[in-house]
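Please keep the sequence and the model in view while reading.

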Amino acid sequence: MGLFSKLFSKKEQQRPAPKERTTLSIAVGDIVTYDLRDYEVVGKITYRDGSYEWYGYQLLEGRDTIWLSAEMDDELELGIYKKIQFPITTPYPKELTYDNQTYYLEEKGTATVQGEGRSSNLKGAETNYADYSSDEGAHFLSFESWGTEIEASYGYPIESYELKILAGTK
């Protein structure tokens with residue numbers, strides 16, 4: 001191929017197509033649009049309890065941080081969570097009250113975690129967790145023990161169509 005044929009070639013430079021993301025394959029650096037706000041994925045935690053696996057994505061917009069939980073049970077289950085202050089000790093009770101609503105223990109256990117991004121310091125750590133739901137399943141409480149601290153979160157379910165995921169540079 002001569003110089004002119006290289007310069008005037010109709011061949012376009014091949015760029016790799018962006019990877020398509022799903023709620024189970026979101027990566028640090030992606031952008032997630034939820035409730036008309038664009039959040040950057042700054043952290044990801046993969047939880048494993050036996051052969052069961054689920055994900056927590058730390059989403060940041062300005063100074064606002066929310067967590068997107070994603071798991072494939074019989075069907076895809078998604079939830080949005082925010083950290084709250086809630087005094088609790090282990091063993092986790094069968095029911096509790098928050099904001100005048102009663103919540104019932106759904107499941108508890110111990111999970112090994114792998115963290116990425118802002119959560120990378122959690123690689124190989126273990127957490128004792130407990131998940132609660134209100135009577136109608138419209139709201140959730142989640143607790144995770146990290147050493148001597150128990151982190152509390154309040155959440156609610158969402159549907160996948162409420163999210164738009166834009167792949168980052170990876």
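Across the whole structure, a search finds 10 aromatic pairs. A pair is counted when the ring centres of Phe, Tyr or Trp (its six-membered ring) lie within 6.5 Å; planes under 30 degrees apart are called stacked, over 60 edge-to-face, and the rest tilted. The model is predicted, and local features need pLDDT of at least 70, side-chain atom pairs count only at pLDDT 80 or more, while totals for chains, interfaces and linings use all residues. Residues are numbered from 1 along each chain as its sequence is written, and side-chain values use heavy atoms, with hydrogens and water left out.

Two of these pairs are set out here.

| Pair | Centre to centre | Angle between planes | Class |
|---|---|---|---|
| Tyrosine 81 and phenylalanine 140 | 6.3 Å | 25 degrees | stacked |
| Tyrosine 98 and tyrosine 154 | 5.7 Å | 45 degrees | tilted |

Strands (E, at least two residues) and helices (H or I, at least four) are DSSP runs numbered from the N terminus. Both tyrosine 81 and phenylalanine 140 are buried, where buried denotes under 20% relative accessible area, exposed over 50%, and partly exposed in between (1.4 Å probe, protein chains only).

Tyrosine 98 is partly exposed because its relative accessibility is 21%, and tyrosine 154 is partly exposed at 24%. Tyr98 and Tyr154 also belong to one aromatic cluster, together with Phe86, Tyr92, Tyr132 and Phe143.

Threonine 46 lies in strand E2 (residues 37-49). With a relative accessible area of 6%, threonine 46 is buried. Apart from neighbours within four places in sequence, its contacts (heavy atoms within 4.5 Å) are Glu53, Trp54, Tyr55, Thr112, Val113 and Gln114.

As a whole, the chain contains 1 helix and 11 strands, in the sequence order α-β-β-β-β-β-β-β-β-β-β-β. Of its 170 residues, 37% count as buried. Among contacts between residues at least 6 apart in sequence, 49% join residues at least 24 apart. The chain exposes about 11200 Å², of which carbon and sulfur atoms supply 47%; accessible areas come from the Shrake-Rupley method with a 1.4 Å probe, and for residues only the protein chains shown count as cover.
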